[in-house]
Amino acid sequence: MSTTAFQSRTIELRDGTKLQLRPIVPEDEPLLHEAVAAMSERTVYFRFFSPIKRMSDALAHRLAVVDYNDRFAIVATTRKPNGKQRIVGVARYDRAGGTDVAEVAVAVIDEFQRRGLGSVLLTELARVGRAHEIKTFSLIVLPENSEMLGLLRKMGWIHQARLSGGMYEISFDLPETG
């Protein structure tokens, strides 16, 4: 298991805030619980499609443990005043078995939304996906999640969006990286 497809680095958001981007590790499980707890009900609903108050330990474990190839996740972290890391955003993909298509999900805690983090995370995740021979990302977005739809539109990534069962099913080809 190698995290080498993504090198940890510091990024700067539009407002000058510096964050660390790195691959997720199993030890992030408690930090994922904290991140979900820091999200509004609306943000949690847009990410998980249900109003969960607390993420189950099984789900946190599944999200934190990836194989860095068919399942990959990048976290954006900052430091709390006490020096401990805090996850403020996550982008992940899960490849459909034996294909070059992966389902993608992005979540950014409310206080870090609308600052450019979602597009940075998606761009970096697309680069990792290409390195792992993934050609298409797909995702499901609720119609009322205007922030995510706007982000995808701005990035030019709403190529195929179809409304099905009250949700948008969106897929887009990953840009060539060079």
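Thr17 touches Ile11, Glu12, Phe112 and Arg115, leaving out residues up to four places away in sequence. Contact here means heavy atoms within 4.5 Å. Thr17 and Arg115 are 98 residues apart along the chain, yet their C-alpha atoms are separated by 9.1 Å. Thr17 sits in the loop between β1 and β2. Its relative accessible area is 23%, so Thr17 is partly exposed. Buried means under 20% relative accessible area, exposed over 50%, and partly exposed in between (1.4 Å probe, protein chains only).

This is a predicted model, in which local features need pLDDT of at least 70, side-chain atom pairs count only at pLDDT 80 or more, and totals for chains, interfaces and linings use all residues. Residues are numbered from 1 along each chain as its sequence is written, and side-chain values use heavy atoms, with hydrogens and water left out.

**The hairpin and the sheet**

Helices (H or I, at least four residues) and strands (E, at least two) are DSSP runs, numbered from the N terminus. Two strands pair if DSSP finds at least two bridges between them. Strands β1 and β2 form a hairpin with five residues between the strands. In that hairpin, Gly16 has a positive phi near 95°. The two strand pairings of β2 are set out below.

| Pair | Residues | Sense | Bridges | A bridge pair |
|---|---|---|---|---|
| β1 and β2 | 9-12 and 18-23 | antiparallel | four | Glu12 and Lys18 |
| β2 and β3 | β3: 71-79 | antiparallel | four | Gln20 and Thr77 |

Both pairings belong to an open sheet of eight strands, in the order β1-β2-β3-β4-β5-β6-β8-β7. Pairing in this sheet is mixed. The edge strands are β1 and β7 (160-164), and each pairs on one side only. From one strand to the next, the twist averages 25°.

**Helices on the sheet**

Helix α4 packs on the sheet and touches β1, β2, β3, β4 (85-95), β5 (101-108) and β6 (136-141). The direction of α4 makes about 40° with that of β4. Axes are lines fitted to C-alpha atoms, for helices over the stretch in contact, and angles run from 0 to 180 degrees between N-to-C directions. Helix α5 (residues 146-154) also packs on the sheet, touching β5, β6 and β8 (167-173). Its direction makes about 155° with that of β6.

**Inside α4**

Of the 15 residues of α4, 11 are buried, so the helix is largely enclosed by the rest of the structure. Among them are Leu117, Leu121, Leu125 and Val128.

Beyond its neighbours within four places in sequence, Ser119 is in contact with Leu151 and Met155. Just after α4, Glu133 takes a positive phi of about 60°.

**A helix pair**

Helix α1 (residues 29-37) packs with helix α3 (residues 57-64) at an angle of about 115°, with their axes 9 Å apart. So α1 is roughly perpendicular to α3, a term for angles of 65 to 115 degrees. From α1, the contact is made by Glu29, Leu32 and His33. From α3, Asp57, Ala60, His61, Leu63 and Ala64 take part.

Conventions:
Angles under 35 degrees count as roughly parallel, over 145 as roughly antiparallel, 65 to 115 as roughly perpendicular and the rest as oblique.
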